[in-house]
Amino acid sequence: MTAKPATKLVLRILAGLHIGASRILGDQEMLLVGSGEDCDIVLSDEGVAPHHAMLLRNGDSLALRAIDAPAGFAGDPLYPGDPIELQLGAPVRLGDASFAVGDASDPKWMPADGLDEVEQTPLNARRAVRPGLSRTLAGLAVLSLVSAGIYASVRPAAAPVPSIEDQVAALVTTYDIGDNTVSTNDAGMTVLTGTVPDSVSRARIQQHVESNEIPIRLNLRTGEDVAADVAEVLRSQGITARTRYLGNGDVEVSGRFEDQDKLRAAATSRAMIDVTGINRVIPRNYADEDAKSLPRATVPVERTRIVSIVGGDDSYVLAADGTRYAVGAELPDDRGTLVAIGKSAWALVDGKVNQVKPDPPVEVDEPAAAGVSGDESTRGIATAADSGSKSSRPSPAEAAKKTQEARPTDAVARQFVAANPRTNRM
């Protein structure tokens, strides 16, 4: 026995922006109705929730369930979660829109061109110009119907959309937006304020926001903007300078600044602090650099005199001021690092070993009345040493030979310096 075919039904919009639009229903179909782009029937009217209601057809049976917001049915509200059996021709109100489902063979439900040409595709909405509605708005009021055959199956959940906060945080991290703040303007729109290095970075961020349809407004300043504001603050306080953004909120200020206090006062002024994106003002004073490059009068510095070399277990080199230099010490006046003390003292200077000799005594015209001066005492030490050795002084040839034998090699001296923690020169 052949089963009786199900009645061909059509859904028609009765009121709202899409009035007159219609769609043929399949024998087994579940349609999501609302203002969301993922709905099977999209209504752009006021008061229509993103997922307002679900319409289910199973043969000759029709059912309606409210989802995100109440629906109006037979003069009473149908609250979310409450299913009802929908009668043919009974109007359902969703916000400012309403629709009904009826028999397609009923002339009242027939579109002007009949059903033959549009049975397999959604019907175009008929435009209806309402009083006070411009032609442009009426042109936009077209029903967007997407035919989707869902037969007793569960509709897959849409991928979760990241929150605005998460998307803003990703922008800040990806594009290194400094000094950033997030606020809401009077229209309720999220505003991201911050500083980026240059205009190219700002354009790239704007393109990213537009291509990903992130619903935020950008208020981004570039490093050039920050540097220009710093220059304007200095100019207002009588200081002419060139400014350059260095990144991380640092701005270099270069020029000839004779009055350092005036520059410091401008850099720490309230106007400078109020510059958005500024962190530090870093001066580069050409006046200081010019002063450093000018030749300076050399002031003669008295050379530290070496007065004696003392050998033995506790060997050292004695200076005129009483300072004792043991092996490993740095001798004054760039004489090098003391590396050995025997009958002579040796120092390493620029990789070469040089002999350290006592300086000649200083002649004093008038000795101090009260006691013996320091130079006399040191001269006495040197003289005593000389007098004590006169009787056994070797010939020049013998002295040169002994000096060469006592002299440490350059390699040995460098090894000593490298191994001795008291030295700091190679």
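Strands S13 and S14 make a hairpin with 5 residues between them, where helices (H or I, at least four residues) and strands (E, at least two) are DSSP runs numbered from the N terminus. In the turn, Gly188 has a positive phi of about 80°. The two strands run antiparallel and are joined by 5 bridges; strands count as paired if DSSP finds at least two bridges between them. Thr184 sits opposite Thr190 in S14. This is a predicted model, with residues numbered from 1 along each chain as its sequence is written. Local features need pLDDT of at least 70 and side-chain atom pairs count only at pLDDT 80 or more, while totals for chains, interfaces and linings use all residues, and side-chain values use heavy atoms, leaving out hydrogens and water.

S14 also pairs with S15, this time in the parallel sense, over 7 bridges. Here Leu192 stands opposite Leu218 in S15. As for burial (buried is under 20% relative accessible area, exposed over 50%, partly exposed in between, with a 1.4 Å probe and protein chains only), 7 of the 7 residues of S14 are buried, so the strand is largely enclosed by the rest of the structure. In a regular strand the side chains alternate between the two faces of the sheet. Both faces of S14 are covered, with Thr190, Leu192, Gly194 and Val196 buried on one side and Val191, Thr193 and Thr195 on the other.

Next comes helix H2 (residues 164-175). Gln167, Val168, Leu171, Val172 and Tyr175 are the buried residues of H2. They cover an arc of only 140° around the axis, taken from the directions from the helix axis to the C-beta atoms, which puts them on the same side of H2. Glu165, Asp166, Thr173 and Thr174 are exposed on the other side. The buried set packs against S13 (178-184), S14 (190-196), helix H3 (199-211) and S15 (216-222), contact meaning heavy atoms within 4.5 Å.

Elsewhere, an open sheet of 6 strands has the order S2-S1-S11-S10-S7-S8, paired antiparallel. S2 (22-25) and S8 (76-78) stand at the edges with a single partner strand each, so one side of each has no neighbour in the sheet. Within this sheet, S10 (residues 92-94) and S11 (residues 97-103) pair over 3 bridges.
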